Amino acid sequence: MAISKPQRVIVLGSTGSIGRTALEVVRDFSHAFTVVALSTHRNVEILARQAAEFRPEAVCVSHAPSAARFRGVLPGDLETLEGEEGPTRLVEHYDADVLVVATVGFAGLFPTLAGIDRGMRIALANKEVLVVAGEIVMERAHRRGVEIVPIDSEHNAIWQCLAGNDRRAVRRLILTASGGPLRGWPASRLETVTPAEALKHPTWRMGRKITIDCATMMNKGLEVIEACHLFGVAPERVEVVVHPQSTIHSMVEFVDGSILAQMGRTNMYLPILNALTSPERFENKFEPLDLAAVGRLDFARPDDENFPCLGYAYEAIRRGGTMPAALNAANEEAVAAFLGEKIPFTGIAETIRAAMDAHDAVEHPDLETLREADRQARAFARKHAGIAA
Ligand SMILES: NC(=O)c1ccc[n+]([C@@H]2O[C@H](COP(=O)([O-])OP(=O)(O)OC[C@H]3O[C@@H](n4cnc5c(N)ncnc54)[C@H](OP(=O)(O)O)[C@@H]3O)[C@@H](O)[C@H]2O)c1
(Lines give C-alpha, C1' and ligand atoms only; values in the text may rest on other atoms or scores of the structure.)
Protein backbone atom coordinates (compact mmCIF):
# COMPACT_ATOMS: atom_id res chain seq x y z
CA MET A 1 0.00 0.00 0.00
CA ALA A 2 1.75 3.17 -1.15
CA ILE A 3 0.22 6.18 0.57
CA SER A 4 -0.45 8.73 -2.15
CA LYS A 5 -3.63 10.24 -0.69
CA PRO A 6 -4.81 10.33 2.96
CA GLN A 7 -6.05 6.92 4.05
CA ARG A 8 -9.55 6.84 5.48
CA VAL A 9 -9.38 4.98 8.80
CA ILE A 10 -11.98 3.42 11.10
CA VAL A 11 -10.72 2.65 14.61
CA LEU A 12 -12.86 0.17 16.57
CA GLY A 13 -12.05 0.18 20.28
CA SER A 14 -10.57 3.68 19.98
CA THR A 15 -10.80 4.30 23.74
CA GLY A 16 -8.56 1.34 24.66
CA SER A 17 -4.82 1.08 24.92
CA ILE A 18 -4.25 0.13 21.25
CA GLY A 19 -7.04 2.39 19.98
CA ARG A 20 -5.61 5.46 21.72
CA THR A 21 -2.14 4.70 20.40
CA ALA A 22 -3.55 4.23 16.89
CA LEU A 23 -5.07 7.71 17.16
CA GLU A 24 -1.71 9.07 18.35
CA VAL A 25 -0.22 7.71 15.09
CA VAL A 26 -3.05 9.33 13.10
CA ARG A 27 -2.50 12.64 14.93
CA ASP A 28 1.27 12.56 14.27
CA PHE A 29 0.76 11.79 10.55
CA SER A 30 -2.37 13.79 9.87
CA HIS A 31 -1.28 14.31 6.24
CA ALA A 32 -1.49 10.52 5.71
CA PHE A 33 -4.65 9.56 7.61
CA THR A 34 -8.13 10.83 8.22
CA VAL A 35 -10.55 9.34 10.77
CA VAL A 36 -13.90 8.16 9.43
CA ALA A 37 -15.39 6.46 12.50
CA LEU A 38 -14.58 5.53 16.10
CA SER A 39 -16.08 3.14 18.63
CA THR A 40 -16.05 2.44 22.34
CA HIS A 41 -17.86 -0.03 24.55
CA ARG A 42 -18.64 2.14 27.59
CA ASN A 43 -16.04 4.90 27.70
CA VAL A 44 -18.20 7.70 26.33
CA GLU A 45 -16.18 10.51 27.94
CA ILE A 46 -12.97 9.58 26.09
CA LEU A 47 -14.95 8.94 22.91
CA ALA A 48 -16.46 12.42 23.12
CA ARG A 49 -12.99 13.98 23.42
CA GLN A 50 -11.71 11.91 20.50
CA ALA A 51 -14.71 12.85 18.36
CA ALA A 52 -14.15 16.53 19.11
CA GLU A 53 -10.51 16.26 18.04
CA PHE A 54 -10.70 13.92 15.03
CA ARG A 55 -14.11 14.93 13.67
CA PRO A 56 -15.23 11.49 12.44
CA GLU A 57 -18.39 11.03 10.37
CA ALA A 58 -19.83 8.59 12.91
CA VAL A 59 -19.18 6.99 16.29
CA CYS A 60 -20.50 3.92 18.06
CA VAL A 61 -21.13 3.03 21.71
CA SER A 62 -21.57 -0.74 21.77
CA HIS A 63 -22.74 -0.94 25.41
CA ALA A 64 -26.23 0.41 24.84
CA PRO A 65 -26.90 1.64 28.44
CA SER A 66 -23.73 3.78 28.27
CA ALA A 67 -24.90 5.41 25.04
CA ALA A 68 -27.53 7.39 26.94
CA ARG A 69 -24.72 9.27 28.74
CA PHE A 70 -23.32 10.24 25.34
CA ARG A 71 -26.44 11.94 24.05
CA GLY A 72 -26.21 15.68 24.25
CA VAL A 73 -22.44 15.67 24.76
CA LEU A 74 -21.74 16.07 21.04
CA PRO A 75 -23.30 18.01 18.18
CA GLY A 76 -26.42 16.27 16.88
CA ASP A 77 -25.05 15.99 13.33
CA LEU A 78 -22.55 13.32 14.41
CA GLU A 79 -24.16 9.97 13.68
CA THR A 80 -24.07 7.74 16.77
CA LEU A 81 -24.74 4.02 16.54
CA GLU A 82 -25.60 2.07 19.65
CA GLY A 83 -25.51 -1.54 20.80
CA GLU A 84 -23.66 -4.77 20.17
CA GLU A 85 -24.22 -4.71 16.40
CA GLY A 86 -23.05 -1.08 16.18
CA PRO A 87 -19.37 -1.70 15.26
CA THR A 88 -20.39 -4.04 12.41
CA ARG A 89 -22.94 -1.56 11.09
CA LEU A 90 -20.33 1.21 11.27
CA VAL A 91 -18.02 -0.84 9.04
CA GLU A 92 -20.85 -1.76 6.68
CA HIS A 93 -22.07 1.82 6.23
CA TYR A 94 -18.93 3.97 6.13
CA ASP A 95 -16.24 3.84 3.45
CA ALA A 96 -12.67 3.39 4.62
CA ASP A 97 -9.32 2.15 3.34
CA VAL A 98 -8.15 0.75 6.67
CA LEU A 99 -10.03 -0.85 9.56
CA VAL A 100 -8.12 -0.89 12.85
CA VAL A 101 -9.64 -3.64 15.00
CA ALA A 102 -8.59 -2.67 18.52
CA THR A 103 -11.56 -4.14 20.35
CA VAL A 104 -10.98 -7.03 22.72
CA GLY A 105 -12.32 -10.59 22.73
CA PHE A 106 -14.98 -12.24 20.57
CA ALA A 107 -16.59 -8.85 19.93
CA GLY A 108 -14.19 -8.03 17.09
CA LEU A 109 -15.12 -10.99 14.89
CA PHE A 110 -18.19 -9.72 13.00
CA PRO A 111 -16.84 -6.19 12.35
CA THR A 112 -13.61 -7.76 11.01
CA LEU A 113 -15.59 -9.95 8.62
CA ALA A 114 -17.58 -6.89 7.52
CA GLY A 115 -14.32 -5.02 6.84
CA ILE A 116 -13.02 -7.92 4.75
CA ASP A 117 -16.27 -8.03 2.77
CA ARG A 118 -15.87 -4.34 2.03
CA GLY A 119 -12.25 -4.80 0.87
CA MET A 120 -10.66 -2.74 3.66
CA ARG A 121 -7.09 -3.41 4.78
CA ILE A 122 -7.44 -4.93 8.25
CA ALA A 123 -4.94 -3.73 10.86
CA LEU A 124 -5.67 -6.39 13.46
CA ALA A 125 -4.87 -6.06 17.16
CA ASN A 126 -7.85 -8.06 18.41
CA LYS A 127 -6.11 -11.46 18.33
CA GLU A 128 -9.15 -13.33 19.68
CA VAL A 129 -10.74 -12.86 16.22
CA LEU A 130 -8.24 -15.28 14.68
CA VAL A 131 -8.22 -17.56 17.72
CA VAL A 132 -11.96 -18.08 17.46
CA ALA A 133 -12.48 -18.12 13.69
CA GLY A 134 -9.06 -18.09 12.03
CA GLU A 135 -9.98 -20.43 9.20
CA ILE A 136 -13.10 -18.52 8.22
CA VAL A 137 -11.43 -15.10 8.51
CA MET A 138 -8.30 -16.03 6.55
CA GLU A 139 -10.21 -17.88 3.86
CA ARG A 140 -12.53 -14.91 3.36
CA ALA A 141 -9.59 -12.49 3.27
CA HIS A 142 -7.77 -14.59 0.63
CA ARG A 143 -10.92 -14.84 -1.46
CA ARG A 144 -11.52 -11.08 -1.26
CA GLY A 145 -7.80 -10.24 -1.79
CA VAL A 146 -7.71 -8.37 1.53
CA GLU A 147 -4.54 -7.93 3.57
CA ILE A 148 -4.70 -8.68 7.27
CA VAL A 149 -1.75 -6.90 8.81
CA PRO A 150 -1.05 -7.80 12.42
CA ILE A 151 -0.60 -5.12 15.06
CA ASP A 152 0.37 -7.60 17.76
CA SER A 153 4.09 -6.84 18.07
CA GLU A 154 5.17 -10.49 17.74
CA HIS A 155 3.16 -11.10 14.58
CA ASN A 156 4.06 -7.74 13.16
CA ALA A 157 7.70 -8.71 13.72
CA ILE A 158 7.18 -12.00 11.86
CA TRP A 159 5.31 -10.16 9.11
CA GLN A 160 8.37 -7.92 8.70
CA CYS A 161 10.83 -10.85 8.78
CA LEU A 162 8.84 -12.70 6.11
CA ALA A 163 8.65 -9.74 3.72
CA GLY A 164 10.48 -10.57 0.50
CA ASN A 165 11.26 -14.14 1.63
CA ASP A 166 9.95 -17.43 0.28
CA ARG A 167 7.33 -18.65 2.77
CA ARG A 168 7.96 -22.25 1.70
CA ALA A 169 11.48 -21.90 3.11
CA VAL A 170 10.25 -21.18 6.65
CA ARG A 171 11.24 -23.82 9.19
CA ARG A 172 9.93 -22.26 12.42
CA LEU A 173 8.29 -19.13 13.73
CA ILE A 174 9.75 -18.17 17.09
CA LEU A 175 7.49 -16.04 19.29
CA THR A 176 9.19 -14.22 22.13
CA ALA A 177 7.48 -13.84 25.51
CA SER A 178 8.51 -11.54 28.34
CA GLY A 179 7.26 -14.20 30.77
CA GLY A 180 4.92 -11.65 32.37
CA PRO A 181 4.94 -10.18 35.88
CA LEU A 182 4.91 -13.54 37.69
CA ARG A 183 7.81 -15.22 35.90
CA GLY A 184 9.89 -17.19 38.40
CA TRP A 185 7.30 -16.99 41.20
CA PRO A 186 7.03 -20.26 43.17
CA ALA A 187 3.88 -22.38 42.74
CA SER A 188 2.99 -21.87 46.43
CA ARG A 189 2.76 -18.10 45.92
CA LEU A 190 0.64 -18.19 42.74
CA GLU A 191 -2.50 -19.20 44.68
CA THR A 192 -2.56 -15.83 46.48
CA VAL A 193 -1.57 -13.48 43.63
CA THR A 194 -3.77 -10.37 43.66
CA PRO A 195 -5.11 -8.62 40.53
CA ALA A 196 -2.84 -5.66 41.31
CA GLU A 197 0.24 -7.93 41.33
CA ALA A 198 -0.77 -9.68 38.12
CA LEU A 199 -1.42 -6.32 36.41
CA LYS A 200 2.18 -5.12 36.94
CA HIS A 201 3.68 -6.03 33.57
CA PRO A 202 7.48 -5.64 33.51
CA THR A 203 7.90 -4.34 29.94
CA TRP A 204 4.55 -3.49 28.25
CA ARG A 205 1.69 -1.11 29.20
CA MET A 206 -1.57 -2.65 27.96
CA GLY A 207 -5.27 -3.20 28.68
CA ARG A 208 -6.25 -5.24 31.75
CA LYS A 209 -7.40 -8.40 29.98
CA ILE A 210 -4.24 -8.87 27.89
CA THR A 211 -2.05 -8.05 30.91
CA ILE A 212 -3.64 -10.88 32.90
CA ASP A 213 -3.26 -13.11 29.81
CA CYS A 214 0.46 -12.30 29.93
CA ALA A 215 0.63 -13.28 33.60
CA THR A 216 -0.96 -16.69 32.89
CA MET A 217 0.97 -17.14 29.58
CA MET A 218 -2.42 -17.49 27.84
CA ASN A 219 -1.50 -14.43 25.80
CA LYS A 220 1.33 -16.42 24.25
CA GLY A 221 -1.04 -19.33 23.71
CA LEU A 222 -3.51 -17.09 21.89
CA GLU A 223 -0.59 -15.76 19.85
CA VAL A 224 0.47 -19.28 18.83
CA ILE A 225 -3.03 -19.86 17.45
CA GLU A 226 -3.04 -16.41 15.83
CA ALA A 227 0.33 -17.16 14.15
CA CYS A 228 -0.84 -20.54 12.80
CA HIS A 229 -3.74 -18.84 11.03
CA LEU A 230 -2.02 -15.65 9.92
CA PHE A 231 1.02 -17.35 8.45
CA GLY A 232 -0.50 -20.72 7.51
CA VAL A 233 1.81 -22.91 9.62
CA ALA A 234 1.14 -25.95 11.80
CA PRO A 235 1.44 -25.53 15.60
CA GLU A 236 4.54 -27.79 15.66
CA ARG A 237 6.33 -25.09 13.70
CA VAL A 238 5.56 -22.29 16.15
CA GLU A 239 7.87 -22.15 19.14
CA VAL A 240 7.76 -19.89 22.18
CA VAL A 241 10.90 -18.65 23.88
CA VAL A 242 11.00 -16.47 26.99
CA HIS A 243 12.97 -13.28 26.36
CA PRO A 244 12.62 -11.00 29.39
CA GLN A 245 14.00 -7.85 27.73
CA SER A 246 11.24 -7.88 25.03
CA THR A 247 13.74 -6.29 22.64
CA ILE A 248 13.44 -8.99 19.99
CA HIS A 249 9.75 -9.00 19.13
CA SER A 250 9.86 -12.35 17.32
CA MET A 251 11.89 -14.35 14.82
CA VAL A 252 11.65 -16.53 11.74
CA GLU A 253 13.97 -19.47 11.14
CA PHE A 254 14.46 -20.58 7.53
CA VAL A 255 15.39 -24.05 6.26
CA ASP A 256 19.04 -23.03 5.80
CA GLY A 257 19.28 -22.35 9.55
CA SER A 258 19.25 -18.53 9.26
CA ILE A 259 17.15 -16.79 11.89
CA LEU A 260 15.83 -13.30 11.16
CA ALA A 261 14.78 -11.26 14.20
CA GLN A 262 12.90 -7.98 14.37
CA MET A 263 13.99 -5.70 17.20
CA GLY A 264 12.76 -2.41 18.50
CA ARG A 265 11.46 -0.44 21.43
CA THR A 266 8.76 -2.00 23.62
CA ASN A 267 6.21 0.39 22.30
CA MET A 268 2.97 -0.45 20.44
CA TYR A 269 3.15 2.80 18.44
CA LEU A 270 5.74 1.22 16.15
CA PRO A 271 3.87 -1.95 15.11
CA ILE A 272 0.67 0.11 14.70
CA LEU A 273 2.54 2.57 12.48
CA ASN A 274 3.93 -0.36 10.49
CA ALA A 275 0.51 -1.96 10.10
CA LEU A 276 -0.91 1.33 8.83
CA THR A 277 1.91 2.21 6.44
CA SER A 278 3.72 -0.95 5.25
CA PRO A 279 5.43 -1.46 2.87
CA GLU A 280 6.35 2.21 3.38
CA ARG A 281 8.31 3.20 6.47
CA PHE A 282 7.69 6.50 8.21
CA GLU A 283 10.39 8.27 10.21
CA ASN A 284 8.93 8.98 13.64
CA LYS A 285 9.44 10.80 16.92
CA PHE A 286 11.24 8.03 18.82
CA GLU A 287 14.97 7.94 19.55
CA PRO A 288 16.83 5.00 17.99
CA LEU A 289 17.06 1.92 20.19
CA ASP A 290 20.24 2.13 22.29
CA LEU A 291 21.61 -1.41 22.00
CA ALA A 292 24.46 -0.77 24.43
CA ALA A 293 21.85 0.28 27.02
CA VAL A 294 19.90 -2.93 26.36
CA GLY A 295 23.19 -4.72 27.07
CA ARG A 296 22.15 -8.33 26.78
CA LEU A 297 19.48 -10.54 25.29
CA ASP A 298 18.46 -13.56 27.38
CA PHE A 299 16.40 -16.58 26.32
CA ALA A 300 14.78 -19.37 28.33
CA ARG A 301 12.15 -22.06 27.93
CA PRO A 302 8.63 -21.29 29.20
CA ASP A 303 7.59 -22.77 32.57
CA ASP A 304 4.77 -25.07 31.44
CA GLU A 305 4.27 -26.57 34.89
CA ASN A 306 3.35 -23.41 36.81
CA PHE A 307 1.76 -21.73 33.77
CA PRO A 308 -0.20 -24.45 31.93
CA CYS A 309 -2.31 -22.12 29.73
CA LEU A 310 0.25 -22.05 26.91
CA GLY A 311 0.00 -25.84 26.68
CA TYR A 312 -3.82 -25.63 26.69
CA ALA A 313 -3.69 -23.32 23.67
CA TYR A 314 -1.42 -25.72 21.76
CA GLU A 315 -3.86 -28.50 22.62
CA ALA A 316 -6.83 -26.41 21.45
CA ILE A 317 -5.35 -25.58 18.05
CA ARG A 318 -4.30 -29.22 17.52
CA ARG A 319 -7.80 -30.45 18.39
CA GLY A 320 -9.19 -27.70 16.14
CA GLY A 321 -12.83 -27.08 15.23
CA THR A 322 -14.63 -25.16 17.98
CA MET A 323 -12.03 -25.97 20.67
CA PRO A 324 -10.04 -22.69 20.32
CA ALA A 325 -13.34 -20.76 20.58
CA ALA A 326 -14.17 -22.64 23.79
CA LEU A 327 -10.68 -21.98 25.17
CA ASN A 328 -11.00 -18.29 24.36
CA ALA A 329 -14.49 -17.91 25.85
CA ALA A 330 -13.53 -19.73 29.07
CA ASN A 331 -10.42 -17.57 29.33
CA GLU A 332 -12.35 -14.30 28.87
CA GLU A 333 -14.79 -15.28 31.62
CA ALA A 334 -12.09 -16.62 33.96
CA VAL A 335 -9.97 -13.47 33.60
CA ALA A 336 -13.02 -11.30 34.35
CA ALA A 337 -13.76 -13.49 37.41
CA PHE A 338 -10.17 -13.14 38.65
CA LEU A 339 -10.20 -9.35 38.15
CA GLY A 340 -13.50 -9.26 40.03
CA GLU A 341 -11.81 -11.23 42.85
CA LYS A 342 -14.22 -14.14 42.44
CA ILE A 343 -11.54 -16.78 41.79
CA PRO A 344 -7.83 -17.04 42.65
CA PHE A 345 -5.15 -16.61 39.99
CA THR A 346 -4.70 -20.36 39.67
CA GLY A 347 -8.47 -20.63 39.15
CA ILE A 348 -8.06 -19.12 35.66
CA ALA A 349 -6.17 -22.16 34.34
CA GLU A 350 -8.45 -24.53 36.28
CA THR A 351 -11.56 -22.97 34.75
CA ILE A 352 -10.16 -23.19 31.21
CA ARG A 353 -9.09 -26.82 31.73
CA ALA A 354 -12.56 -27.75 32.97
CA ALA A 355 -14.28 -25.90 30.10
CA MET A 356 -12.10 -27.66 27.52
CA ASP A 357 -12.76 -31.04 29.11
CA ALA A 358 -16.50 -30.38 29.02
CA HIS A 359 -16.48 -29.10 25.44
CA ASP A 360 -17.51 -31.41 22.62
CA ALA A 361 -15.58 -29.92 19.71
CA VAL A 362 -17.34 -29.60 16.35
CA GLU A 363 -15.12 -29.87 13.26
CA HIS A 364 -15.21 -27.24 10.49
CA PRO A 365 -17.71 -25.00 12.31
CA ASP A 366 -19.63 -22.21 10.60
CA LEU A 367 -20.09 -18.84 12.30
CA GLU A 368 -23.30 -19.84 14.05
CA THR A 369 -21.65 -22.96 15.50
CA LEU A 370 -18.71 -20.85 16.71
CA ARG A 371 -21.10 -18.39 18.35
CA GLU A 372 -22.85 -21.27 20.10
CA ALA A 373 -19.52 -22.80 21.23
CA ASP A 374 -18.56 -19.39 22.62
CA ARG A 375 -21.89 -19.06 24.45
CA GLN A 376 -21.74 -22.55 25.95
CA ALA A 377 -18.13 -22.28 27.09
CA ARG A 378 -18.86 -18.89 28.70
CA ALA A 379 -21.86 -20.30 30.55
CA PHE A 380 -19.80 -23.28 31.71
CA ALA A 381 -16.89 -21.08 32.85
CA ARG A 382 -19.15 -18.69 34.74
CA LYS A 383 -20.82 -21.57 36.53
CA HIS A 384 -17.45 -23.14 37.30
CA ALA A 385 -16.18 -19.81 38.65
CA GLY A 386 -19.32 -19.52 40.79
CA ILE A 387 -20.74 -16.49 38.98
CA ALA A 388 -24.45 -16.18 38.29
CA ALA A 389 -25.30 -15.96 34.57
N1 LIG B 1 -2.53 -3.28 24.57
C2 LIG B 1 -1.53 -3.83 23.89
O3 LIG B 1 -0.39 -3.41 23.99
C4 LIG B 1 -1.81 -4.98 22.96
C5 LIG B 1 -0.73 -5.58 22.31
C6 LIG B 1 -1.00 -6.59 21.40
C7 LIG B 1 -2.30 -7.01 21.15
N8 LIG B 1 -3.31 -6.43 21.84
C9 LIG B 1 -4.68 -6.90 21.60
O10 LIG B 1 -5.44 -5.79 21.16
C11 LIG B 1 -6.79 -5.88 21.62
C12 LIG B 1 -7.10 -4.60 22.41
O13 LIG B 1 -6.26 -4.59 23.56
P14 LIG B 1 -6.19 -3.32 24.51
O15 LIG B 1 -5.10 -3.62 25.45
O16 LIG B 1 -6.15 -2.07 23.71
O17 LIG B 1 -7.60 -3.45 25.26
P18 LIG B 1 -8.39 -2.34 26.10
O19 LIG B 1 -7.46 -1.28 26.55
O20 LIG B 1 -9.19 -3.06 27.09
O21 LIG B 1 -9.36 -1.69 24.98
C22 LIG B 1 -10.36 -2.43 24.34
C23 LIG B 1 -11.25 -1.52 23.50
O24 LIG B 1 -12.38 -2.29 23.03
C25 LIG B 1 -13.59 -1.76 23.60
N26 LIG B 1 -14.44 -2.90 23.99
C27 LIG B 1 -14.38 -3.64 25.12
N28 LIG B 1 -15.33 -4.60 25.13
C29 LIG B 1 -16.01 -4.45 23.97
C30 LIG B 1 -17.14 -5.10 23.40
N31 LIG B 1 -17.76 -6.12 24.02
N32 LIG B 1 -17.60 -4.68 22.20
C33 LIG B 1 -17.00 -3.66 21.54
N34 LIG B 1 -15.92 -2.97 22.03
C35 LIG B 1 -15.44 -3.37 23.23
C36 LIG B 1 -13.15 -0.96 24.79
O37 LIG B 1 -14.12 0.01 25.15
P38 LIG B 1 -14.08 0.65 26.66
O39 LIG B 1 -12.98 1.67 26.62
O40 LIG B 1 -15.41 1.22 26.87
O41 LIG B 1 -13.76 -0.51 27.58
C42 LIG B 1 -11.85 -0.36 24.27
O43 LIG B 1 -12.12 0.70 23.41
C44 LIG B 1 -6.86 -7.16 22.46
O45 LIG B 1 -7.34 -8.21 21.69
C46 LIG B 1 -5.39 -7.43 22.84
O47 LIG B 1 -5.13 -8.79 23.03
C48 LIG B 1 -3.11 -5.43 22.73
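Is Asp 152 buried or exposed? Asp 152 is buried, because its relative accessible area is 8%, under the 20% limit for a buried residue. The model is predicted.

**View 1. The protein is divided into domain 1 and domain 2.** Domain 1 covers residues 7-150. Domain 2 is made of two stretches, 156-266 and 291-319. The centres of the two domains, taken over C-alpha atoms, are 26 Å apart. Their contact draws 13 residues from domain 1 and 15 residues from domain 2.

**View 2. The ligand lies between domain 1 and domain 2.** Both domains give residues to the shell around the ligand, so the ligand sits between them. There are 24 residues around the ligand. Those that come nearest are Thr 15, Ile 18, Arg 42, Glu 128 and Asp 152. By type, the shell holds eight nonpolar, 12 polar and four charged residues.

**View 3. Backbone atoms of Gly 16, Ser 17 and Ala 125 face oxygen atoms of the ligand.** At Gly 16, a polar backbone atom is 3.1 Å from a ligand oxygen. At Ser 17, a backbone N or O atom lies 2.9 Å from an oxygen of the ligand. For Ala 125, the corresponding distance from a backbone N or O atom to a ligand oxygen is 3.3 Å. On its own the ligand would expose 890 Å², and the protein buries 85% of that area.

**View 4. Asp 152 sits in a loop between strand 7 and helix 7.** Strand 7 spans 148-150, and helix 7 spans 153-162. The side chain of Asp 152 makes a polar contact of 3.0 Å with the side chain of Lys 127. Beyond its neighbours within four places in sequence, Asp 152 is in contact with Leu 124, Lys 127, Glu 223, Glu 226 and Met 268. Asp 152 and Val 335 are 183 residues apart in sequence. In space, their C-alpha atoms are 20 Å apart.

**View 5. Lys 127 also meets Asn 219, a residue of helix 11.** Helix 11 runs over residues 218-231. Asn 219 is buried, with a relative accessible area of 4%. The side chains of Asn 219 and Lys 127 are joined by a polar contact of 2.5 Å. Leaving out residues up to four places away in sequence, Asn 219 touches Lys 127, Ile 210, Asp 213 and Cys 214.

**View 6. His 249 lies in strand 10.** This strand takes in residues 248-254. His 249 is buried, at a relative accessible area of 7%. Its side chain has a polar atom 3.4 Å from the backbone oxygen of Gly 264. The side chain of His 249 also reaches the backbone oxygen of Arg 265, at 3.3 Å. Not counting residues up to four places away in sequence, the residues that His 249 touches include Ser 153, Glu 154, Ala 157, Thr 176, Trp 204 and Gln 262.

**View 7. Helix 4 packs through its buried residues.** Helix 4 covers residues 86-93. Its buried residues are Gly 86, Pro 87, Thr 88, Leu 90 and Val 91. They pack against strand 1 (7-12), strand 2 (33-40), strand 3 (58-61), strand 4 (79-82) and strand 5 (98-101). Helix 5 (109-117) is another of their partners.

Conventions
Residues numbered from 1 in each chain as written. Predicted model: local features only at pLDDT ≥ 70, side-chain atom pairs only at ≥ 80, totals over all residues. Heavy atoms only, no water. Near = heavy atom within 4 Å. Polar contact = N/O pair within 3.5 Å; in protein donor to acceptor, adjacent residues only side chain to side chain. Areas by Shrake-Rupley, 256 points an atom, 1.4 Å probe, with all protein chains shown as cover. Nonpolar A, V, L, I, M, F, W, Y, C, P; charged D, E, K, R; others polar. Domains from an automatic or database assignment. Helix = DSSP H or I, 4+ residues; strand = E, 2+ residues; numbered from the N terminus. Buried < 20%, exposed > 50% of the residue type's maximum accessible area, 1.4 Å probe, protein only. Contact = heavy atoms within 4.5 Å.
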